[in-house]
Amino acid sequence: MTTRSRRYVELTTVEAATVLGRDSILVIPTGAVEPHGPHLPLATDLVMADALAAEVVARGSAAGHDVWLMPALAYTKSDEHARLPGTMWLGADTVLRVLVDLGRSIAATPARRVMFVNCHGGNSALLEVGLRELRRRFDLQTFLYSGPPRAGESERGFGIHAGHVETSMMLHVRPDLVDMTKAARAVPDSIADFEYVGFGKPVRFGWLADDFFASGVVGDPSGATADAGAAYFEDNVGTVVSALDEIAIFDPGRVR
Ligand SMILES: [Zn+2]
């Protein structure tokens with residue numbers, strides 16, 4: 001085949017059996033379809049994951065890596081948004097079975113390396129479970145990059161959803177889908193004062209998006225800018241492209 005495409009689904013069946021090899025890295029964007037406040041679309045995580053993964057594959061292949069872009073997982077574990085309008089969510093058990101079935105199919109190709117590029121925080125813990133399932137069941141080398149939830153200064157550690165980072169990145173990637181006139185700060189200041197219980201604190205807690213605010217926003221999108229979004233995007237892409245050097249050779253069975 002020519003080098004025209006690094007999209008897995010644009011291969012033919014013959015190419016899928018011959019072009020891919022043990023060193024091929026299949027990159028799977030992982031998004032969500034769930035509320036992101038009144039200023040962002042339901043597909044925010046999906047749009048970001050697709051854009052990040054596509055850029056990683058473009059730059060990675062230009063740098064000589066055998067990387068392939070897979071279609072995104074769009075519907076995922078968004079149960080924390082189950083009670084808000086617009087959500088299309090799968091249960092944790094369903095998503096895990098999807099991951100296992102996907103792993104089985106990947107193991108039937110010559111490729112042995114899979115990386116998820118995840119932009120929905122609600123998937124992170126489950127994807128880690130999936131990495132181990134795919135490793136144990138199918139002997140795949142499995143990797144996960146979850147976009148860093150770096151919070152804006154006014155978010156007090158709660159910039160986790162539709163806040164400064166996500167809104168800025170969307171202003172960079174798809175500004176036509178952002179309405180900044182509706183972007184409003186929604187930070188649960190009272191629980192931010194808890195010392196031990198919270199996001200990134202010693203004790204975690206179960207939560208639903210509407211425990212905090214009816215808008216589903218948890219963060220402060222009001223100061224988001226396309227420039228900040230470009231910097232976040234570049235930071236994410238740069239990290240993953242740099243990581244490809246290690247992902248291409250890493251084998252936990254050979255680390256001593
Ligand atoms: Zn999101």
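Which residue in strand 4 does Asn118 stand opposite? Asn118 stands opposite Ser146. The model is predicted, so local features need pLDDT of at least 70 and side-chain atom pairs count only at pLDDT 80 or more, while totals for chains, interfaces and linings use all residues. Residues are numbered from 1 along each chain as its sequence is written, and side-chain values use heavy atoms, with hydrogens and water left out.

**Zinc site**

- The zinc ion has as its protein donors His36 (NE2), Asp45 (OD), Glu166 (OE) and Glu166 (OE), at 1.9 to 2.6 Å; donors are N, O and S atoms within 2.8 Å of the metal (3.2 Å for Na, K and Ca), and because water is not among the atoms, sites may look incomplete.
- Angles of 52 to 140° are subtended by the four donor atoms, which makes the arrangement irregular.
- Four donors count as tetrahedral if all angles lie between 85 and 135 degrees; four count as square planar and six as octahedral if opposite donors are over 155 degrees apart and all others between 65 and 115; anything else is irregular.
- Along the chain, the donors follow the spacing H-x8-D-x120-E.
- His36 lies in the loop between strand 1 (25-30) and helix 2 (44-62), and Glu166 lies in helix 5 (residues 164-173), so the pair ties together parts that are 130 residues apart in sequence.
- Both His36 and Glu166 are buried, where buried means under 20% relative accessible area, exposed over 50% and partly exposed in between (1.4 Å probe, protein chains only).

**Strands**

- Helices (H or I, at least four residues) and strands (E, at least two) are DSSP runs, numbered from the N terminus.
- Six of the six residues of strand 1 are buried, so strand 1 is largely enclosed by the rest of the structure.
- From strand 1, Ile25, Val27 and Pro29 point one way, and Leu26, Ile28 and Thr30 the other way.
- Strand 1 runs parallel to strand 2 and is joined to it by three bridges; two strands pair if DSSP finds at least two bridges between them.
- Six bridges join strand 1 to strand 3, again in parallel, and Ile28 has Phe116 as its bridge partner in strand 3.
- Strand 3 also pairs with strand 4 in the parallel sense, over six bridges.

**Helix 2**

- The 19 residues of helix 2 should span 27 Å at 1.5 Å a residue, and its end C-alpha atoms are 27 Å apart, which agrees; the expected span is 1.5 Å times one less than the number of residues.
- Buried residues of helix 2 include Asp45, Met48 and Leu52.
- The buried residues of helix 2 pack against strand 1, strand 2 (67-69), strand 3 (113-118), helix 5 and helix 8 (226-247).

**Nonpolar cores**

- The largest nonpolar core has 36 residues, and those with the most contacts inside it are Ile25, Val27, Leu52, Met115, Met169 and Leu244; such a core is a set of buried Ala, Val, Leu, Ile, Met, Phe, Trp, Tyr and Cys residues joined through side-chain atoms within 4.5 Å.
- Another core, of 21 residues, lies apart from it, and among its members are Leu20, Leu99, Phe116 and Leu127.
- Leaving aside neighbours within four places in sequence, Met169 is in contact with Met48, Leu52, Gly229, Tyr232, Phe233 and Asn236, contact meaning heavy atoms within 4.5 Å.
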